[in-house]
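Subject: Structure handover

Hi,

Here is the structure I promised to pass on to you. Have a look at it first, and then read on for my notes.

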Amino acid sequence: MNRASLFVPLGVFVLILTLGYVGFDLGARSELPSALINKPFPEFNARLLGRPEQSITRDDLLGQPTLVNVWATWCPTCLSEHEQLMQIAATTDVQIVGVNYKDRPDKALRWLAQFGNPYRWVLDDRDGLLGIEMGVYGAPETFLLDARGEVVYKRVGDINPRIWRSELAPRLLQLGVSIAGSDADGARQP
Amino acid sequence: MIPELGNFALVLASVLALGGAGLGLYAPREPVLQSGVLSMVFGQWAFSFVAFTALIYAFVVDDFSVSYVANQSNSLLPWYYKVSAAWGGHEGSFLLWILIMGTWMLAFALRSDQYPDRFTTRVLGVLSLLNLGFICFALFTSNPFLRLIPLSPADGADLNPLLQDFGLIVHPPLLYAGYVGLAIPFAMAVAALLEGRVDATWARWCRTWANMAWALLTCGIALGSWWAYYELGWGGWWFWDPVENASFMPWLAATALVHSLSVTENRGTFKSWTLLLAITAFSFSLLGAFIVRSGVLTSVHSFAVDPERGMYILTFLALVVGGSLSLYAARAGQNTAKVGYEVLSREFFMLVNNVIMVVSLAVVLWGTLAPIGYEAITGGRISIGTPFFNAFFVPLGLMLLGALALVPVLNWKRTRAQVLASVYQALGVSVLLGGLIWFALDPASLLVAGAVGLSVWVVLTHARQLWFRLGKGSVPAAYIGMTLAHLGFAMGTAGISITATQSVESDVRMSPQSSIVLAGQQVTFTGVIDVLGPNYGAQQGIFIVTDGDRSYELRPEKRQYFAGGNTMTEAGISAGFLADTYISLGEPLEGGAWAVRAHYKPLVRWVWLGALLMAFGGILAVFDKRYARQRRRQEARQGEVTLS
């Protein structure tokens with residue numbers, strides 16, 4: 001056997017390792033800047049998931065604070081944050097709007113039927129065009145809009161109990177959203 | 001107090017692992033020091049066992065001051081789920097990993113009389129070094145014994161309802177036994193490289209361990225697939241998600257290894273290749289741990305939450321795999337042997353197997369890593385799904401089946417073409433049978449008929465040859481094991497191709513007392529009742545399925561767990577050897593109606609039964625006389641030494 005060929009496996013491994021490291025580095029950049037912060041949420045006109053005859057626009061979101069949550073069935077992290085969203089829907093009166101991003105509608109509807117639906121509306125963004133407008137990096141992502149439709153806060157990654165407690169709940173209270181069990185509720189989680 | 005004891009035991013185990021690694025790799029000639037390495041291996045196992053028992057204890061007595069217990073358990077859980085909750089989360093499952101590692105080392109140490117003393121010492125040294133890495137990972141980045149004092153909660157957050165299931169009690173231990181078991185062939189390969197000696201004897205030693213680990217891994221994967229099938233409520237049994245791929249990759253490498261070892265044992269060739277496969281198989285176990293534990297491939301975001309774990313595993317991976325591959329590059333060249341063989345020989349067909357396994361491995365690796373690479377370069381996300389994998393695995397599987405059918409009649413080195421006559425007869429029968437099945441089922445694709453026909457061909461040639469050899473006298477257990485494993489593969493592929501193409505799925509709205517027809521069966525929905533489980537309340541749908549004269553009830557549930565408020569779907573399944581009827585409840589609709597998902601899945605059981613048959617064949621081969629005789633010969637030789 002050729003002596004040099006014995007080094008091929010090592011070379012392949014180093015390549016894979018580098019890729020893993022780059023992926024790691026990318027993940028470590030948890031604070032992603034959003035061009036939209038303190039700017040108006042982009043204008044859009046999107047069809048509703050499962051009800052393609054009906055569509056909503058940016059104006060429908062105005063008048064009250066809104067959480068816009070980007071999710072998809074191909075995204076396991078979305079499933080892990082889902083419980084938290086269900087809890088927010090149950091304990092607060094903030095309106096939650098889902099953007100079903102680069103997904104198949106039949107799968108998405110099935111997913112909602114199985115795990116519950118925290119959303120007032122779910123926008124069908126199967127080709128990801130709305131996602132481009134919003135500057136979405138990946139799923140899940142969550143935008144907090146005030147009553148005038150300006151982006152107050154953006155979270156790339158999941159809404160877990162820690163993020164809810166320390167970043168989201170205080171901002172919702174600031175915007176005048178009432179949280180069941182008052183402001184202590186957000187902090188009560190073990 | 002008990003959890004602190006567990007923590008302390010883990011620290012002691014790490015010290016012994018350090019000692020075992022240092023002394024074992026130094027490989028002393030003095031018998032006293034060699035038995036020192038053995039005792040340190042016993043110690044590692046004993047202290048891991050103490051640590052694991054301490055964790056189980058904390059779960060059973062509901063010690064919610066331990067952070068991990070508070071996150072994973074709840075006082076309402078039945079006792080058996082409290083025990084299995086110990087490995088339901090990251091920290092505890094890693095402690096289980098360590099205990100299983102210790103157990104494999106213990107098993108190797110107990111059989112050490114079969115091998116030369118210095119070889120045993122080296123292997124145990126390598127294993128101790130790996131174990132040291134695992135224990136430090138647990139101690140520094142994911143310690144299950146950390147306390148929540150003074151803020152201990154009154155009750156726990158509950159075990160994820162998905163995991164409150166029999167499947168979870170047994171799936172991780174089996175899967176881990178397979179993953180970690182591959183460490184033994186790996187350590188044997190490293191020890192052989194250090195000694196610069198790889199021969200047929202080495203391959204014979206290595207085969208029992210590789211077969212055992214491979215069989216356990218097969219069982220673990222099959223069990224995971226079965227669990228996903230009945231617990232997730234989708235009716236699917238394989239999703240090509242990164243976690244599944246993480247277990248499939250070491251399996252493919254181990255399958256190649258098991259075959260390549262056979263060539264090295266019988267013909268003394270394929271040596272460097274076998275060594276490389278032994279290293280590769282375990283490396284993919286570690287990569288699997290990296291993928292599952294760090295979350296880097298499922299979502300870069302979840303990874304960011306815990307960067308130090310990922311960094312640790314990445315460094316560990318770099319050291320272990322990089323180190324062993326460097327050793328391979330430096331030393332493996334010494335073991336070349338030129339042994340000739342023709343195309344129609346076992347050697348060549350083993351090579352075909354190996355090439356197909358390695359190509360499959362590359363496909364799965366690409367399908368798993370490409371999304372992260374794409375994200376790293378462009379910042380966008382792509383998703384590689386079933387179509388990509390099917391495009392490769394359908395032709396690869398068919399090729400493998402075709403090659404497999406010839407295996408029983410092949411000899412080492414060369415085979416006379418005349419013996420192929422029986423194979424052609426079998427081919428005729430299977431083409432006829434495959435065509436008949438095709439005609440009867442009328443599947444959309446000729447590929448299905450091909451897969452079924454080829455499976456039948458494999459079964460016929462194997463059964464015929466086994467029958468022939470049984471008639472001529474006793475047949476070695478290894479040969480029967482090989483035949484069973486190959487029959488299992490044929491059974492599995494037949495099951496996969498039929499269930500993937502012939503299943504009937506219907507998502508319908510059903511109101512009480514209404515019926516649908518599902519694959520010739522009448523399914524009647526009588527209504528929904530409320531039932532109460534130990535830690536959940538459930539709405540239970542009652543369905544009556546009538547199939548000709550036979551009639552039975554299915555009761556799928558929609559469960560609401562008290563502690564976390566989670567909702568879970570529990571499918572109602574009527575399992576059959578030939579087909580499953582599968583019903584799960586969706587959402588309640590107005591007027592007492594429900595969204596209902598009803599599936600009819602022919603031969604779905606064959607997928608798992610085939611895998612179990614493969615695993616059984618692998619284990620049977622371990623008990624071949626050829627491996628047992630070895631021990632007696634060794635004892636006899638030692639006896640002679642003492643006499644003289």
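A:Thr66 has its bridge partner in strand 4 of chain A, namely A:Gln95. This is a predicted model, so please read everything below with that in mind. In general, strands of a sheet pair through backbone hydrogen bonds, either parallel or antiparallel.

Both of these strands are mostly covered. In strand 3 of chain A, 6 of its 6 residues are buried, and in strand 4 (residues 95–101) of chain A the count is 5 of 7. Which residues of strand 3 of chain A point which way? A:Thr66, A:Val68 and A:Val70 point one way, A:Leu67, A:Asn69 and A:Trp71 point the other way, and all of them are buried. As a general rule, the side chains of a regular strand alternate between the two faces of the sheet.

Chain A has 190 residues, and 37% of them count as buried. Among its contacts with a separation of 6 or more, 72% are between residues 24 or more positions apart.

A:Leu62 lies between strand 2 (51–57) and strand 3 (66–71) of chain A. Its C-alpha atom is 5.2 Å from that of A:Ala147, although the two are 85 residues apart along the chain. Beyond residues up to four places away in sequence, A:Leu62 touches A:Ala147, A:Arg148 and A:Gly149. Is A:Leu62 buried, exposed or partly exposed? A:Leu62 counts as partly exposed, because it has 14 C-beta neighbours inside 10 Å.

Now to chain B, which is divided into three parts: domain 1 (1–159), domain 2 (161–182 + 193–335) and domain 3 (504–604). The centres of domain 2 and domain 3 of chain B, taken over C-alpha atoms, are 37 Å apart. In the contact between them, domain 2 of chain B supplies 6 residues and domain 3 of chain B supplies 13 residues. On the side of domain 2 of chain B that touches domain 3 of chain B, 4 residues are nonpolar, 2 are polar and none are charged.

There is also an open sheet of 4 strands in chain B, with the order 1-10-9-8 and antiparallel pairing. Strand 1 (504–510) and strand 8 (572–574) of chain B stand at its edges with a single partner strand each, so one side of each has no neighbour in the sheet. From one strand to the next, the twist averages 15 degrees. Strand 8 of chain B pairs with strand 9 (residues 579–588) of chain B in the antiparallel sense, over 3 bridges. B:Gly572 has B:Ile583 as its bridge partner in strand 9 of chain B.

On to the nonpolar cores. The largest has 187 residues, and B:Ala183 and B:Ala254 touch the most other members. Helix 9 (residues 200–231) of chain B gives the most to this core, with 19 residues. Apart from it lies another core of 37 residues, including A:Leu61, A:Val122, A:Val151 and A:Leu172.

Where is B:Asn354? B:Asn354 sits in helix 14 (residues 346–378) of chain B. B:Asn354 counts as buried because it has 20 C-beta neighbours inside 10 Å, and 20 is the cut-off for that class. Leaving out neighbours within four places in sequence, its contacts are B:Ala256, B:His259 and B:Ser260. Of these, B:His259 is 95 residues away in sequence, with 7.5 Å between the two C-alpha atoms.

Best wishes

Note on methods
Residues are numbered from 1 along each chain as its sequence is written. Chains are lettered from A and ligands numbered from 1 in the order in which they are written. This is a predicted model: local features need pLDDT of at least 70, side-chain atom pairs count only at pLDDT 80 or more; totals for chains, interfaces and linings use all residues. Domain bounds come from an automatic or database domain assignment. Two residues are in contact if their C-beta atoms, placed from the backbone, lie within 7 Å. Ala, Val, Leu, Ile, Met, Phe, Trp, Tyr, Cys and Pro count as nonpolar, Asp, Glu, Lys and Arg as charged, and the others, Gly among them, as polar. A nonpolar core is a set of buried Ala, Val, Leu, Ile, Met, Phe, Trp, Tyr and Cys residues joined through C-beta atoms within 7 Å. A residue is buried if 20 or more other C-beta atoms lie within 10 Å of its own, exposed if 12 or fewer, and partly exposed in between; C-beta atoms are placed from the backbone. Helices (H or I, at least four residues) and strands (E, at least two) are DSSP runs, numbered from the N terminus. Two strands pair if DSSP finds at least two bridges between them. Axes are lines fitted to C-alpha atoms, for helices over the stretch in contact, and angles run from 0 to 180 degrees between N-to-C directions.
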